[in-house]
Amino acid sequence: MADMIWLVPLIPLLSAIILMLGSAILPRLLIGLLGVGSVGLAALLTMLLGLEFLANPEPFQLSLWTWMQVGNFSPSIAFYFDGLTLVMMSVITGVGFLIHLFSTEFMEEDTSYARYFAYLNMFVAAMLVLVMADNLLLLYLGWEGVGVCSYLLVGFWYQDSANGQAARKAFVVTRIGDTAMALGLLLLFTELGTLDIQAMVGAANIEWQVGGTLPLIACLLLLGGAVGKSAQLPLHTWLPDAMAGPTPVSALIHAATMVTAGVYLIARTHGLFLLAPTAMMIVALVGLATLLMAAFTALMQTDIKRILAYSTISQIGYMFLALGVGAWTAGIFHLMTHAFFKALLFLGSGAIIHYLHHEHNIFKMGGLRTRMPVTFWSFMIGSAALAALPMTSGFFSKDQILLQAYQFSDIGPLLWFGGLLGALLTAIYSFRLVFVVFFGKANTEPEGDTGWRMAVPLITLCTLAMIGGYFIIPVADVFPVASGDHPAHWVEYVSISVPLLGVLLAYLIFQSRQLNVDRWVSSSVGQALRRFWLSGWGIDWLYDRAFVRPYYRISGLLKNEPIDAIYGLVVAINQTFNHWLVESQTGRMRWYVASMVLGLIVLLTLALQIPALQPTEGAS
Amino acid sequence: MNMSEMTALMPILMLSLTAVVLMIQASIKRDQAVAWWITAAGLLLSLWGAGYARDFVQPVTVLLVVDDWGLFFTTLILMASLVTLILSKESFSPEGERKEEYYLLLVLSVLGAVILIQSSHMASLLLGMELMGVALYGMIAFPEKGELPLEAAIKYLVLSACASVMLLFGFALIYAATGDLTFAGIGAKAGEAYAREPVLLMAGSAMILAGLGFKLSVVPFHMWTPDVYQGAPTPVTGFLATVSKGAVFIALTRFFIEGQLYQYSSLIFALSAVAIASMLVGNWLALQQQNIKRLLAYSSIAHFGYLLLVLIALSMAIDADTNRLIGEAITYYLAAYIVTTLAAFTVVATLAGEDDSLSMIGAFDGLFWRNPLQASVLTVAMLSFAGIPLTAGFIGKFYLMTVAIQSQLWVLMGALVLGSAIAIYYYLRIIFAMSKIPPASIKLGSQGDINKGPRVEFGPQDLLAALLMLLVLLLGSWPQPFIAFAGSL
Amino acid sequence: MEGLNIPLNHILLVSSLLFSIGMLGLMIRRNIIFILMSLEVMLNSAALAFVAAGAHWGQPDGQVIFMLILTVAAAEVAVGLGLVLQVQRRFKTLDMDSANRMRG
Amino acid sequence: MVMINLILILLVGGVLAMLSERAGENMPRRVALTVVLLDIIYLLSHLSGMADLTQLQAPMPDDPSTWLMHFKAQWIPAFGISIEFALDGVSLLMVMLTLVLGAIAISSSWTDVMAKRGFFEANLLWTLAGVLGVFMALDLFLFFLFWEVMLIPMYFMIAIWGHENRGYAAMKFFIFTQASGLLMLVATLGLVAVNHSATGQWSFSYFDLLNTPMAEQTAHWLMLGFFIAFVVKLPAFPFHTWLPDAHTQAPTAGSVILAGILLKTGAYGLIRFAVPLFPEAALDFSFTAMALGAAGVVYGAVLAFSQTDFKRLVAYSSVSHMGFVLLGVYAWNELALQGAVMQMVAHGFSTAALFMIAGSLQERLHTRDMREMGGLWQQMPRMGAVAMFFVVASLGLPGLGNFVAEFLVLLGLFQVNPWMTAVAALGLITGAIYSLILMQRSFQGEPNAKLEGHSLTDFGRREMLTMAVMMVALIGLGLYPQPVLDMAQPVLQSLLEMTSVEIAP
């Protein structure tokens with residue numbers, strides 16, 4: 001079984017290729033079957049692998065062929081399989097399968113059905129390669145692969161150049177991170193002589209000591225990559241725009257899998273980060289800052305998908321926080337649960353958008369509780385998990401994170417408090433969403449409720465979002481065990497109660513309206529803050545001014561090749577000489593004589609001025 | 001003057017004989033065809049003579065010296081004259097124009113050139129040059145109608161006479177300084193003469209350089225060149241560009257070496273100045289030129305600038321090896337230049353005839369598709385001028401550069417490179433014009449539908465052109481035999 | 001002939017003077033006839049120089065060259081005058097400045 | 001002899017192609033294609049006879065007998081000039097690339113060229129012949145000869161069949177390369193002269209001229225002569241300005257050859273001559289060279305972004321990519337050199353393909369201006385998909401050839417100069433920017449109003465086949481580059497050893 005592991009990414013890849021080549025001829029049904037079936041098959045294989053692995057938890061490595069061999073640089077196309085890989089693979093294939101299924105209904109009317117599934121399958125393949133890679137170069141291949149697929153899918157409806165804009169933004173911004181990461185790879189290889197993750201970490205632990213400069217630089221470069229892919233500060237701006245893509249895509253790529261790649265990368269290379277405490281501190285702070293920034297922004301959004309997008313950013317912030325404080329397991333655990341409930345929420349929103357004539361503004365919705373029950377319940381559960389209400393999956397993961405954050409060195413309590421504030425906001429904005437969309441009076445009439453191909457995934461994810469918290473992820477021997485001792489009990493109580501408080505607030509403000517905030521909001525300060533948060537803390541604006549426009553301007557200035565001016569000058573000089581000399585050819589004989597006389601005089605002077613007899617030398 | 005000396009002078013004698021015969025023939029019965037054949041026969045005879053004389057190389061009196069080198073160039077020049085002869089017959093034959101005298105003049109001019117080549121004495125040099133020149137005036141002015149030939153002739157006459165006087169005066173001064181008229185003698189006595197009368201000697205040499213420089217049309221004695229090239233009948237232009245210039249350069253070289261002028265740094269300095277000026281000015285003048293004859297005139301200025309480099313190198317001559325190299329360089333470059341120029345003028349003569357408007361580059365548009373042969377010949381010629389590999393011109397330039405490097409003439413080398421770089425532009429312009437596809441044929445998408453300008457049937461001059469092209473390519477692609485031969489001179 | 005040996009340089013000076021005069025003529029005269037005459041002057045200046053040099057070295061060569069120069073001069077002028085006739089016939093003028101069809 | 005035949009086949013084939021026009025409008029391209037395929041077969045048939053190429057023995061750079069093939073015949077003994085060809089792994093790679101791309105170029109000229117097809121195909125074949133000569137000639141005189149002569153047919157291709165501004169472009173191209181070529185000629189002669197004064201005999205043979213002892217100053221000047229000639233051809237910033245014009249104006253096949261092959265001669269020259277002949281000088285010079293390379297990477301990318309002309313954009317992308325080659329060569333360690341060679345091959349395919357797409361677009365829309373395009377995917381999905389593939393290839397997507405190349409270069413460079421690497425890495429970002437804008441402006445976005453009405457035919461069988469060849473090639477290079485690497489490895493290895501010995505004193 002284990003040596004069949006390469007089939008897992010291969011199957012979706014093959015189906016992607018078939019779909020591309022046969023896009024014109026294949027019947028719709030077959031396309032659907034291929035697209036969903038391939039991922040389903042991959043999921044099945046993963047399950048089998050998982051069972052086998054749980055039977056005897058021995059990480060193994062499978063090398064297919066040497067990619068390239070130059071001097072001592074010989075990365076190979078090889079897969080590494082351990083608990084962490086298993087978790088990631090299950091999430092990707094499992095959630096991926098559900099989302100594919102969902103898509104068959106969601107994309108029903110779309111003309112380029114085949115292209116959609118081709119891209120989606122290709123994405124799954126690339127993502128699998130990313131998590132299964134045994135060395136960083138192969139990981140980078142998957143890393144870029146998912147990037148391109150995300151680009152293709154965000155810009156799926158290419159006729160609208162706004163989508164293209166969003167897609168390019170997504171790709172370029174992440175590419176910035178990727179470049180940092182690539183440099184990191186270069187550094188790691190140059191210093192440690194290999195890119196095989198296990199060997200590399202081993203070498204690092206031998207050659208580098210904790211707190212050195214090199215590990216710090218290396219980790220920061222890797223972090224750059226992670227920050228780009230996982231949409232953390234300062235490279236998060238692409239994710240909200242990426243919502244331009246079809247909603248299932250947002251669910252799969254921009255909620256469940258790709259955006260968590262950064263988390264995976266750091267978790268995978270935690271051996272390095274342990275050598276660079278400073279780097280870990282930075283990771284934690286980045287996480288914290290991001291989660292707060294995003295939470296505040298989410299509070300103000302009116303576009304249902306943007307709300308979810310910012311909440312994704314914020315949730316990944318939690319994961320980074322976890323990684324930063326060394327709560328590896330908690331981080332990955334949250335990754336998984338988040339995958340469940342965020343996918344659920346996105347799919348739910350997808351259903352709404354699908355049946356509400358592509359309406360995105362939550363204030364144009366409302367009262368959907370009765371009309372779309374399935375969707376309503378999935379949203380309820382999803383939001384509950386997102387808000388980390390007790391007993392939901394989100395609760396378990398987030399709780400662990402907060403507790404371990406509290407224990408983290410001296411600034412622990414600070415981090416904990418920040419996380420708590422975030423949790424409060426999360427509860428508020430998620431239930432704001434629920435109340436506004438599903439309660440109150442209906443503004444738009446939906447065209448019925450979800451069909452089975454949408455219902456099944458929703459329901460499945462509901463259950464996962466509920467019970468996901470009871471799973472035990474088999475990463476025990478991947479990560480060092482976290483300190484066992486627990487903080488004071490009041491900390492735990494507070495952590496539990498805060499989300500409930502948030503829900504209550506949301507209820508009072510948006511549902512029963514007993515708590516009237518209009519006065520604050522309408523106040524000038526309120527307005528300013530509102531605009532500020534709505535615009536995502538004006539970071540987009542800032543980047544536009546600081547980078548985008550200057551680039552356009554510079555490029556525009558250079559467009560017509562200033563360098564050529566130099567050569568133009570040379571030409572001009574020659575032309576001038578040509579002009580003068582041609583002028584001198586007057587055709588008048590006397591003038592010609594004059595020139596001869598002049599020449600004669602010059603010759604005479606030259607000949608007479610240097611009266612030095614050279615020593616005679618051999619003549620021919 | 002014994003028998004063997006007579007034999008050594010075979011070429012000269014043959015030419016003189018031809019001249020006499022021509023005159024007699026003209027006095028008996030004027031007939032162009034006959035005159036033409038006589039001339040041809042005469043030239044061939046003297047060619048044979050030149051070959052024959054190779055076994056009798058020796059100085060003949062103090063006036064002439066017959067050596068392999070001179071004989072080789074005699075041969076070359078005679079061939080060039082043959083080309084001119086053929087072209088003259090084919091190209092410019094305005095109806096009812098009598099050309100017997102023209103052939104006579106041609107023969108006389110060649111005679112002058114040969115004497116010039118073999119001269120080792122001021123008198124013979126003077127005679128040769130004047131004979132050649134005076135005959136040329138006639139040839140240039142020969143066409144009866146059209147003003148350009150006449151203008152060209154009168155300009156050339158006055159200016160070249162002026163130049164000759166400079167030359168003469170120079171000789172006079174040198175004679176006054178050294179008291180000898182033979183090149184060798186001058187060389188021998190120059191040393192003490194310099195000690196006694198440096199001014200006379202230097203001034204004299206300078207004026208000689210000026211005089212010969214005019215004939216070679218190097219800056220600043222170049223101004224006549226374009227006008228004369230343009231105005232003269234194309235075959236005559238070709239003759240002027242090859243025979244006259246070649247002969248003069250040989251004479252200059254002889255005087256330069258025998259008279260050991262290369263010893264005087266001041267002269268070398270002056271000569272370098274002239275050379276550099278010619279390299280640059282010539283090319284600059286040619287850049288935008290639209291009349292192909294004028295363009296060739298300008299390019300010839302540059303080319304003789306390049307060639308002067310070799311004479312300058314003599315002063316630096318370090319070892320026998322280098323001197324051999326220099327000798328070869330002169331021989332090869334001149335030969336290559338003459339062949340290439342002939343090829344070019346053959347094409348121009350064939351296509352443009354005497355119609356000045358037809359010698360505009362514009363008239364050559366799309367020539368490739370009208371007359372592939374002539375177009376390819378001109379292309380090859382241009383590439384050879386530009387010094388692109390596989391053509392004679394390249395090997396020539398290769399030689400010059402090698403010489404320059406061997407004798408470390410960096411400045412001249414720089415000028416040479418710069419000049420060549422500039423030159424590419426205008427040679428390419430001609431090629432570009434010829435390769436234009438007339439829009440008509442693009443639509444039709446096939447050839448053969450453009451016939452503007454005279455479509456020439458395959459005639460002797462096409463054959464001639466083809467031969468010359470092959471020669472250029474041969475010299476360029478398989479130079480070893482010729483190099484060996486040049487080395488043997 | 002005693003008492004009549006003028007130093008060479010003086011004669012050369014004279015002849016170069018002649019030379020310069022001729023050249024000046026070439027430069028300032030526009031009438032072709034005068035131009036030809038200036039040429040003659042120049043030729044003779046050279047000839048004079050030769051004769052003088054010959055005398056100075058006590059050689060006949062000087063005079064020989066002088067003869068040659070005379071011939072050359074004759075030839076030049078003969079052709080020259082021939083051309084002058086043509087010029088007169090075609091340009092209807094002897095002003096050389098008007099003969100500049102070709103330039104550039 | 002084999003090598004000479006390779007060239008002769010093409011030369012003669014050219015003549016045949018020209019004559020075959022009489023037989024029919026479409027004969028020339030058929031003939032041309034056959035000739036090139038024949039050449040390929042001929043080459044392969046001779047290679048198959050040899051020891052497994054993946055285990056080439058390391059050729060001693062200065063000992064021809066260890067090379068794959070070697071042929072030497074007197075030509076101009078007076079100067080010790082001989083007709084000397086030799087083949088080792090690197091040149092073999094380049095030769096193969098040349099022939100394959102040659103075939104591709106011919107197929108791209110299938111419907112592109114309308115007038116004087118015979119002469120066109122002839123020029124194409126002659127260019128190929130010249131390039132083969134450049135890649136195989138090991139006598140510096142002969143090398144220079146091919147170097148110059150291959151330009152003439154190329155010049156004709158641009159000047160006769162080019163687009164609106166062909167005269168200017170062709171002239172610029174020719175003068176740039178010729179003028180720089182003159183410098184190389186001077187440098188060559190200088191080198192030969194030095195060797196002459198040292199050994200007392202003339203020789204232009206690479207093998208004799210290697211390890212010529214000379215003064216530091218001399219070495220610097222001579223090296224510069226070669227360097228300039230090669231970087232003009234490469235082209236490297238700031239000598240690149242001829243390239244955008246030439247590429248834009250040339251007919252499709254011309255651009256393919258130009259970008260795919262001719263640029264590589266420059267890189268090849270650097271690896272084969274500029275560095276090994278003057279190791280120390282090259283070492284002292286390497287920083288400048290690398291700086292130029294890095295500058296080129298970024299500059300090319302930035303300019304590419306602002307272009308509105310499809311072909312011009314691709315042309316600037318070439319400048320950017322060639323910057324990597326320059327970096328790779330002057331980092332002068334195995335990783336970087338392998339990267340450079342890899343880049344030469346991979347860029348050959350990716351750019352050639354993009355130019356072919358540009359060509360087909362121009363054929364259909366009669367414009368290269370991307371402001372006239374947009375939303376073409378709808379009408380031409382196949383072309384769009386293909387374009388997307390090559391665009392992501394050129395922005396260096398892992399799994400495709402260009403990535404392997406660029407990564408190796410960066411990896412090698414990092415060991416020499418991390419900061420330079422950081423600058424060059426900017427190329428990855430800017431590369432993404434211009435590549436994607438290319439897709440956006442041409443194939444994505446709202447369908448251009450101007451295109452309403454005329455229906456555009458998508459890629460047909462011939463085009464798809466051609467493209468498929470290149471796609472497969474790129475994927476192969478991307479996932480299993482080993483064959484290529486192995487072919488170059490021994491050569492580069494021994495070059496490194498030799499130069500390091502040189503420098504060690």
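**Close-up views of a predicted model**

**View 1. Chain B meets chain A.** In this predicted model, the contact draws 46 residues from chain B and 31 residues from chain A. On the side of chain B that touches chain A, at least two residues come from each of helix H7 (148-178), helix H9 (198-215), helix H10 (224-231), helix H12 (265-286), helix H13 (292-316) and helix H14 (320-352) of chain B. H9(B) is the top contributor to this side, giving ten residues. Sorted by class, the side of chain B that touches chain A holds 35 nonpolar, nine polar and two charged residues.

**View 2. Chain D meets chain B.** Here 28 residues of chain D and 25 residues of chain B make up the contact. Look on chain D for strand E1 (69-76), helix H5 (140-149), helix H6 (151-161) and helix H7 (166-199), the elements that give two or more residues to the side touching chain B. H7(D) gives the most, with 13 residues. By class, this side of chain D has 23 nonpolar, three polar and two charged residues.

**View 3. Two helices cross within chain B.** Helix H17 (residues 392-406) and helix H20 (residues 460-477) of chain B have axes that come within 6 Å and cross at roughly 40°. Because of that angle, H17(B) counts as oblique to H20(B). To find the contact, pick out Ala392(B), Phe394(B) and Ile395(B) on H17(B), then Val472(B), Leu475(B) and Gly476(B) on H20(B). The residues where H17(B) contacts H20(B) comprise five nonpolar, one polar and no charged.

Conventions: Residues numbered from 1 in each chain as written. Chains lettered and ligands numbered in written order. Predicted model: local features only at pLDDT ≥ 70, side-chain atom pairs only at ≥ 80, totals over all residues. Contact = placed C-beta atoms within 7 Å. Helix = DSSP H or I, 4+ residues; strand = E, 2+ residues; numbered from the N terminus. Nonpolar A, V, L, I, M, F, W, Y, C, P; charged D, E, K, R; others polar. Axes fitted to C-alpha atoms, helices over the stretch in contact; angles between N-to-C directions. Parallel < 35°, antiparallel > 145°, perpendicular 65-115°, else oblique.
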